[in-house]
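Here are my notes on the model you sent. They are set out as numbered points, to be read beside the sequence and the coordinates.

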Amino acid sequence: MAKQLNRKPKGKIGNRPDESVRVLISHANIRRRVREIAQDVRRDFPDEPIHLIGILKGSVFFLADLARELGGEVSFDFLGVSSYGHGTDSTGEVKLTKDLEVAIEGRTVLVVEDILDTGLTLKFLIKLFEERKPKHLRVAVLLDKAERRIAKVNADYAGFTIPNEFVVGYGLDYDERYRNLPDVCVLQIGPCTKSKAQ
Ligand code: PRP
């Protein structure tokens, strides 16, 4: 479930005619940037098998596209987490809901996340994975809401720095909806407005 805001956007969740989206990052721009990230990763690890770990569920499209752009030997696995409130008064507690299927010890691991927001999830993940002694541990995020950061963490590879707006699409949801949009969009609760894609 999306948890980018301290509170959900105002408005009735079920009142769908009142929800509208405007494109923030077009699918074409996403694909171009994913290709660049893959090139950066392969520049850093030209000959290594790379083991991707997708954090469910938002990362699935980013992981799928990144895996196909990487080339070379690539494998992947998924991890599920849930957290309890990401407001400034949050404890930052993160709970593991689905563990990995294969061990990562000695592997070159790339954690794949759709969005880096407060950083509390990533801080938890980095500690969890480091304890399992991978050969290398790197993090790729498609979207970075840098101004929302609470935990001192950064991604090694970041697609786009975005403003503090509620985004959906390309894996990101609102109430489990909108994940299937090809673009990253800003969700608005209220009358529809139009704007140009980046
Ligand atoms: C999102 C995202 C990260 C986390 C980032 O997951 O995929 O895991 O929030 O937030 P943080 O930096 O504030 O910790 P979400 O809980 O929305 O789950 P989902 O991927 O299943 O939608």
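1. In which strand is the place of Ile 53? Ile 53 belongs to strand β2. The model is a predicted one, and everything below should be read with that in mind. Ile 53 counts as buried because 24 other C-beta atoms lie within 10 Å, and the cut-off for that class is 20 or more. Neighbours within four places in sequence aside, Ile 53 is in contact with Asp 77, Leu 79, Leu 100, Val 109, Val 111 and Val 112. Leu 110 is 57 residues from Ile 53 along the chain, yet their C-alpha atoms are separated by 6.2 Å.

2. Overall make-up. The protein has three helices and nine strands. Read from the N terminus, the order of elements is β-α-β-α-β-β-β-α-β-β-β-β. The chain has 198 residues, of which 31% count as buried. Among contacts with a separation of 6 or more, 68% are between residues 24 or more positions apart.

3. The nonpolar core. The largest nonpolar core contains 38 residues. Leu 66, Leu 110, Val 111, Val 112, Val 167 and Val 184 are the residues with the most contacts inside it. Strand β5 supplies the largest share of this core, with six residues. Val 112 can be followed in detail: leaving out residues up to four places away in sequence, Val 112 touches Leu 52, Ile 53, Gly 54, Ile 55, Ser 59, Phe 62, Leu 63, Leu 66 and Ala 140.

4. Helix α2. This helix covers residues 60-70, and its buried residues are Phe 61, Phe 62, Leu 63, Asp 65, Leu 66 and Leu 70. An aspartate, Asp 65, is on that list. After α2 comes Gly 71, which has a positive phi near 70°.

5. The α1 and α2 pair. The two helices pack at an angle of about 55°, and their axes are 9 Å apart. That angle is why α1 is described as oblique to α2. The crossing of α1 past α2 is right-handed. On the α1 side the contact is made by Arg 31, Val 34, Arg 35, Ile 37, Ala 38, Val 41 and Arg 42; on the α2 side by Phe 62, Asp 65, Leu 66, Glu 69 and Leu 70. By class, this contact has seven nonpolar residues, five charged residues and no polar ones.

6. His 27. This residue is found in helix α1. Is His 27 buried, exposed or partly exposed? His 27 has 17 other C-beta atoms within 10 Å, so it is partly exposed. Not counting residues up to four places away in sequence, His 27 touches Pro 182 and Asp 183. His 27 and Gly 169 are 142 residues apart in sequence, while their C-alpha atoms are 9.8 Å apart in space.

7. Helix α3. The buried residues here are Leu 120, Thr 121, Leu 122 and Leu 125. They pack against β2, β3, β4 (94-98), β5 and β6.

8. Backbone points to check. Which two residues does a cis peptide bond join? The bond lies between Leu 56 and Lys 57, with omega about -5°. Lys 57 is in the loop between β2 and α2. Lys 133 is not a glycine but has a positive phi of about 55°. Lys 133 is located in the loop between α3 (120-130) and β6, and counts as exposed because it has 12 C-beta neighbours inside 10 Å. Tyr 178, also not a glycine, has a positive phi of about 80°. The loop that holds Tyr 178 runs between β8 (167-168) and β9 (184-189). With 19 C-beta neighbours inside 10 Å, Tyr 178 counts as partly exposed.

How values were computed. Residues are numbered from 1 along each chain as its sequence is written. This is a predicted model: local features need pLDDT of at least 70, side-chain atom pairs count only at pLDDT 80 or more; totals for chains, interfaces and linings use all residues. Helices (H or I, at least four residues) and strands (E, at least two) are DSSP runs, numbered from the N terminus. A nonpolar core is a set of buried Ala, Val, Leu, Ile, Met, Phe, Trp, Tyr and Cys residues joined through C-beta atoms within 7 Å. Two residues are in contact if their C-beta atoms, placed from the backbone, lie within 7 Å. Axes are lines fitted to C-alpha atoms, for helices over the stretch in contact, and angles run from 0 to 180 degrees between N-to-C directions. Angles under 35 degrees count as roughly parallel, over 145 as roughly antiparallel, 65 to 115 as roughly perpendicular and the rest as oblique. A crossing is left-handed if the near helix is turned anticlockwise from the far one by less than a right angle, and right-handed if clockwise. Ala, Val, Leu, Ile, Met, Phe, Trp, Tyr, Cys and Pro count as nonpolar, Asp, Glu, Lys and Arg as charged, and the others, Gly among them, as polar.
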